[in-house]
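I opened the file to go through a few local features. My entries follow in the order in which I looked things up.

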Amino acid sequence: MVEVGFVDTPGQSRRVAVASELAFIADGDAGLRVIDISTPSNPEEVGFLDTTGQAVDVAVSDNWVFVADGPGGLRVVDVSDPTQPIEISANPYPVLAGARSLAVVDQLLFVARDDIMEILRSEEHTSPPGQNYYRLLVA
């Protein structure tokens with residue numbers, strides 16, 4: 001293997017998810033970092049979102065990023081503008097405290113925490129007009 005490029009993040013890079021020309025990094029106590037990787041030899045941070053917990057894993061589906069935030073639970077982030085990621089729930093999913101690992105397949109979100117794995121189904125809604133939000137239901 002030959003290194004092509006790198007980016008130094010302010011936290012402890014735990015996991016990465018890639019979609020198109022963006023990399024999303026679960027960066028420990030520095031939250032979610034959004035990296036433009038369109039030029040692999042010169043990746044650049046273009047956005048970030050501080051989270052209340054310890055970002056330990058990340059998964060991406062379309063314009064949505066899911067962050068396993070350890071004691072901060074599950075965070076759902078709208079990245080339609082990657083320079084300004086927005087947490088789309090005023091009350092993130094604290095019932096998923098201890099979230100440690102995530103995977104997204106189709107409309108299902110798999111969350112590993114403590115000694116269980118939960119499977120949630122996601123639905124995109126619009127309310128009020130023009131503002132998207134996500135609702136997660138037990139599958």
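Is R33 buried or exposed? I found R33 buried, at a relative accessible area of 8%; buried means under 20% relative accessible area, exposed over 50%, and partly exposed in between, with a 1.4 Å probe and protein chains only.

Note on the source: this is a predicted model, in which local features need pLDDT of at least 70 and side-chain atom pairs count only at pLDDT 80 or more, while totals for chains, interfaces and linings use all residues. Residues are numbered from 1 along each chain as its sequence is written, and side-chain values use heavy atoms, with hydrogens and water left out.

**R33.** I placed R33 in strand β3, residues 32–36. Strands are DSSP runs of E with at least two residues, numbered from the N terminus. A polar atom of the R33 side chain lies 2.9 Å from the backbone oxygen of A30. I then listed contacts (heavy atoms within 4.5 Å). Neighbours within four places in sequence aside, R33 touches T9, P10, A23, F24, I25, D27, E45, G47 and F48.

**Sheet.** I traced an open sheet of four strands in the order β5-β6-β7-β8, with antiparallel pairing. β5 and β8 (86–87) stand at the edges with a single partner strand each, so one side of each has no neighbour in the sheet. Two strands pair if DSSP finds at least two bridges between them. For β5 and β6 (residues 64–68) I noted five bridges, and A59 stands opposite F66 in β6. β7 (residues 74–78) and β8 are joined by two bridges, with D78 opposite I86 in β8. Four of the five residues of β5 (57–61) are buried.

**Positive phi.** Most residues other than glycine have a negative phi. I checked two exceptions. D62, in the loop between β5 and β6, has a positive phi of about 55 degrees. The hairpin there has two residues between the strands. S20, in the loop between β1 (15–19) and β2 (22–26), has a positive phi of about 60 degrees. D62 is exposed at 67% relative accessibility, and S20 is exposed at 73% relative accessible area.

**Pocket.** What lines the largest pocket? I read off V4, G5, F6, V7, V16, A23, I25, I35, I37, T39, P40 and P43. By class the lining has 10 nonpolar, two polar and no charged residues; Ala, Val, Leu, Ile, Met, Phe, Trp, Tyr, Cys and Pro count as nonpolar, Asp, Glu, Lys and Arg as charged, and the others, Gly among them, as polar. A pocket is an open set of points on a 1 Å grid over the protein atoms alone, where a 1.4 Å probe fits, with protein on both sides within 12 Å along at least five of seven lines; lining residues have an atom within 4 Å of a point.

How values were computed
A polar contact is a pair of N or O atoms within 3.5 Å; within protein, one must be able to donate a hydrogen and the other to accept it, and residues adjacent in sequence count only if both atoms are side-chain atoms.
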